[in-house]
Amino acid sequence: MIPETTTPLSFVSDSPESPWATYLSQVDRVVPYLGKYARWAETLKRPKRALIVDVPIEMDDGSVRHFEGYRVQHNLSRGPGKGGVRYHPDVTLEEVMALSAWMTVKTAAVGLPFGGAKGGIRLEPKELSLKELERVTRRYTSEIGIIIGPQRDIPAPDVNTNGQIMAWMMDTYSMNTGSTSTGVVTGKPIHLGGSLGRIKATGRGVFVTGREAARRLGLKLEGARIAVQGMGNVGGTAAELFVQAGGKLVAMQDHTGTVVNNEGFDIKSTLELVKREGGVAGHPKGQRVDNEAFWDVDCDILIPAALEGQITPARARRINAKLVLEGANGPTLPEADDVFRDRDILVVPDVICNAGGVTVSYFEWVQDFSSFFWTEDEINVRLDKIMVDALNNIWETADRHKVTLRTGTFAVACERILIAREERGLYP
Ligand code: NAD
């Protein structure tokens, strides 16, 4: 078998801590377990298509501002592209590439008929008015309109984007194509073809995979001490479900600061406070501590659910948890993974742990096509089953190869991707 040959990509940095470098190192770790499909592994290391767009808008004061936007389709071998859109001042092409690649792995790991894609705009949404946010969203959607569509690439919410932004994207795409196209994005409001259960789906998936992993470890959820970084959509929902299952939320960190409470925070009032005040820092029942102290908290389950690159090897050496549930994408650097492995701390990796969101996005897409909508119970039961089955399969694979769950997930997913690639053949 002659392997593929390649030239290095010209547009990536050589930072070993970039999300793209993290992703590449994860691929390198799985190649020995891909058997005959390893010959196609280079396919995984290059995005199929990366679009950079200029997004000029008129600001409320009459001035014009230009923003930089991206849409990357990493791999479409198994179906249309699928992945969120992130609004953040630190978004880069390289970050979006990594996030799109993790979507390829994630959709394959849970067996959804999608490839991987991701988008983003470099902006601080807090600095824009609602009208400016709408204009930027509509112009961005028009610019990436040449590559998205219900059968081509289906965006969804990610950090700092939500149902309203998806509604504007759906409307803009529909205006440009001349017919209402609900299936072009997921994570929409319910009466625009959104799915029940979508908003909480990612956090619910974190809970379901965490519950199963805890069961296998013999770790009881009743009384389990939970620490969460990022009390947004994903972290907030996961925390809520763990507390409902008997867990104790003992530490929280977000962009406003870190608070701890040994007796456990009341979840209902905490979520209300985050909604009202925008963060956890002012929690009346919390002891404010230095941000770095978050990583020393005595806990059973740690849920990073904010941004990537948070768990460095130094932090991994200090973490006291038995189980790490990656709600965020790419929170753990590869060397930190090694530290966790050596310290017997189990990591349920992002590419399975936070796949609940894209799974219910898949349900939404299917419901939009058939114009037949399911109940929330139906959604949650189907989600639970898909996540549990996927995790069991990954667990067996990891056991068989004696590798971490991350490499096990990559092994399951990359084989599926590369089988599709081989069966489709190389065009022309
Ligand atoms: P969100 O905007 O609702 O919440 C983000 C949270 O991260 C907030 O609590 C914010 O305060 C916190 N945060 C931001 N910067 C921080 C910092 N420097 N230090 C500590 N905390 C910080 O976003 P979300 O939708 O909950 O997404 C969180 C993560 O989950 C992201 O990595 C995202 O890619 C991933 N994810 C989201 C979904 C989804 O369906 N929303 C699906 C899969 C993965």
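**A loop beside the ligand**

A: Happy to! Gln310 is found in the loop that runs between β10 (301–304) and α8 (313–318). Please keep in mind that this is a predicted model. With a relative accessibility of 19%, Gln310 falls under the 20% cut-off and therefore counts as buried. Setting aside residues up to four places away in sequence, Gln310 touches Gln229, Trp295, Arg315 and Pro331.

Now move to Ala306, which also lies in the loop between β10 and α8. Ala306 has a relative accessibility of 27%, so it counts as partly exposed. Once its neighbours within four places in sequence are left aside, the contacts of Ala306 are Gln229, Gly230 and Ala328. Another pair to look at is Ala306 and Val234: 72 residues separate them in sequence, yet their C-alpha atoms are 8.4 Å apart in space.

Ala306 also brings us to the ligand. One of its backbone N or O atoms lies 2.8 Å from an oxygen atom of the ligand. In Thr202, a side-chain N or O atom is 2.7 Å from a ligand oxygen, and in Asn329 a side-chain N or O atom is 2.8 Å from an oxygen atom of the ligand. Overall, the protein covers 82% of the 820 Å² of accessible area that the ligand has on its own.

Let's step back to the whole shell. There are 22 residues around the ligand, and those that come nearest are Arg86, Asp158, Thr202, His255 and Asn329. Sorted by class, the shell holds eleven polar, seven nonpolar and four charged residues. Among the elements, α5 (198–217), α6 (233–244) and β7 (248–254) each contribute at least two residues to it.

Finally, the domains. The chain is divided into domain 1 (47–180) and domain 2 (201–353), and their C-alpha centres are 28 Å apart. Their contact takes 13 residues from domain 1 and eight residues from domain 2. Why does the ligand lie between the two domains? Both domain 1 and domain 2 give residues to the shell around the ligand, so the ligand lies between them.

Terms used. Residues are numbered from 1 along each chain as its sequence is written. This is a predicted model: local features need pLDDT of at least 70, side-chain atom pairs count only at pLDDT 80 or more; totals for chains, interfaces and linings use all residues. Side-chain values use heavy atoms; hydrogens and water are left out. A residue is near a molecule or strand if one of its heavy atoms lies within 4 Å of it. A polar contact is a pair of N or O atoms within 3.5 Å; within protein, one must be able to donate a hydrogen and the other to accept it, and residues adjacent in sequence count only if both atoms are side-chain atoms. Accessible areas come from the Shrake-Rupley method with a 1.4 Å probe; for residues, only the protein chains shown count as cover. Helices (H or I, at least four residues) and strands (E, at least two) are DSSP runs, numbered from the N terminus. Ala, Val, Leu, Ile, Met, Phe, Trp, Tyr, Cys and Pro count as nonpolar, Asp, Glu, Lys and Arg as charged, and the others, Gly among them, as polar. Domain bounds come from an automatic or database domain assignment. Buried means under 20% relative accessible area, exposed over 50%, partly exposed in between (1.4 Å probe, protein chains only). Contact means heavy atoms within 4.5 Å.
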